[in-house]
Amino acid sequence: MAMFRTLYFLFLLCFEIHGTTGVNFTFSFDGFVKSPSFDKSVALFGDSKLVNDSSSIQLTDSVSQSEGRVFYRKPIHLFKGKERNSVIFSTYFSFSMPNEIGDVLAFVMVPSTLDLSLFGKKDYSSSALGFLLEYAKNETVVAFEFDISKRGNRARILIGRPESAEIRNLSFVGDLMMNNGGTLSCMIDYEASSKRMMVRFRKRGSIKLFDPFFSFSVDLEKIWKGGEVMVGLSSANGNSSKPHFLHSWSFEIRHLDPIWVQPTPFGPNEGLKPDVSTEVEEGQERSECIWRMLGTLVLGAVCGALGAMSAMYLWTICGVRRSMAVVPEECAVSIVVVDVKDGKK
């Protein structure tokens, strides 16, 4: 019994140290259909509209200088509780738009105190972020837009107050051209521990998992100080006259034990440092690294001890079985001697 109690304790300790991931908030739209729940959850602004026959949202019209935006109506609390450094959020959406210069799509995060009705106004710019520069000048926002064309893949990042923040430009490589109405998928991941946002793409039918990508540094907790935010997508077609479509969209916030949050490897854009972002201090990085190493060593020791105890237990069982093995009694053997000469026994 003592052996069983020891094994059980080690198992619980190993499970507790490893930690678990919990989903704190999520929404998911695998297609869009007109319904009361859709109206309560999704807000459409500008030229965006629901296309019932295709279960998609048409973001822009078939005319030039068209703008459309989609926002999730309910405020989202990114950081809760004491373990704020363990927050991870991911958002995924699939879309289609022509590969012409001027066609752009943006992911936007704004404070929940901002009046979203302002996003219904047009700014007549060639940028999907133009409405922020026009109607949210003094608000703190986090947004980026990207365009994909024959000239290459480009992104523009806006962090801070649009009135004073500098927009950073970058380019990233990869074949993302959408021919004949093709669909692209985009996944955005943010880790509070590394304070980085990573943006990855995948062409429909591609065997590669979300590649290429770009990334940048941003401290969301410092920017909004634990407040609620609203998330949305913005689109503009510039001089193009072809519409943009949104086919699906999901968002999820998770919590992970900080010891086991491993920073994601970043590409050539990891050196990008927008104005309001803050890098993890050297001492904090060292402390987190020590805790991760300590946690790994403890887990390894516990698992090793668990394996050794299991082996000893099995060896003991086998030894007991051998000592209790049934040995058959020796049978009496009669020896008969035959006298070959006399033929007598």
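Tutor: Start with burial: a residue is buried under 20% relative accessible area, exposed over 50%, and partly exposed in between (1.4 Å probe, protein chains only). This is a predicted model, so local features need pLDDT of at least 70 and side-chain atom pairs need 80 or more, while totals for chains, interfaces and linings use all residues. Numbering starts from 1 along each chain as its sequence is written, and side-chain values use heavy atoms, with hydrogens and water left out.

Student: Phe119 and Phe131: buried or exposed?

Tutor: Both Phe119 and Phe131 are buried. As for the whole protein, 45% of its 345 residues count as buried.

Student: Which residues is Ser66 in contact with, leaving aside neighbours within four places in sequence?

Tutor: Contact means heavy atoms within 4.5 Å. Ser66 meets that with Asp47, Thr60, Asp61, Ser235, Ala236 and Asn237. The C-alpha atoms of Ser66 and Asn239 are 8.7 Å apart, although 173 residues separate the two in sequence.

Student: What does the side chain of Ser66 reach at 2.8 Å?

Tutor: The backbone nitrogen of Asp61. A polar contact is a pair of N or O atoms within 3.5 Å; within protein, one must be able to donate a hydrogen and the other to accept it, and residues adjacent in sequence count only if both atoms are side-chain atoms. At 2.8 Å, the Ser66 distance falls within that limit. Ser127 has a polar contact too, from its side chain to the side chain of Arg156 at 3.1 Å.

Student: Why is Ser127 called buried?

Tutor: Its relative accessible area is 13%, and that is under 20%, so Ser127 counts as buried. Ser127 is in the loop between β8 (104-111) and α3 (130-135). Beyond four places in sequence, its contacts are Val104, Glu145, Arg156 and Ala236.

Student: Why does Gln65 count as partly exposed?

Tutor: Gln65 has 28% relative accessibility, which lies between the 20% and 50% limits, so it is partly exposed. Gln65 is in the loop between β4 and β5, and its phi is near 60°, a positive value in a residue other than glycine. Lys195 also has a positive phi, near 55°, but Lys195 is buried at 11%.

Student: How many aromatic pairs does the count come to?

Tutor: Rings of Phe, Tyr and Trp (its six-membered ring) pair if their centres lie within 6.5 Å; planes under 30 degrees apart are stacked, over 60 edge-to-face, and the rest tilted. That gives 24 aromatic pairs. One of them joins Phe89 and Phe251, with centres 5.2 Å apart and 20° between the planes, hence stacked. Phe89 is in β7 (residues 87-96) and Phe251 in β16 (residues 245-255), so this pair ties together parts 162 residues apart in sequence.

Student: Which residues of the largest nonpolar core touch the most other members?

Tutor: A nonpolar core is a set of buried Ala, Val, Leu, Ile, Met, Phe, Trp, Tyr and Cys residues joined through side-chain atoms within 4.5 Å. In the largest, with 53 residues, Leu78, Met109, Met197 and Leu220 touch the most other members. Apart from it lies another core of 22 residues, including Val110 and Met230.

Student: What is the mean pLDDT of the protein?

Tutor: pLDDT is the predictor's confidence in each residue, from 0 to 100. The mean is 75, and 65% of residues reach 70 or more. Over residues 260-289, pLDDT is below 50, though that stretch has 66 contacts beyond near neighbours in sequence. Residues 320-341 also stay under 50, with 6 contacts beyond four places in sequence. Where pLDDT is low, the predicted coordinates should not be read in detail.

Note on methods
Helices (H or I, at least four residues) and strands (E, at least two) are DSSP runs, numbered from the N terminus.
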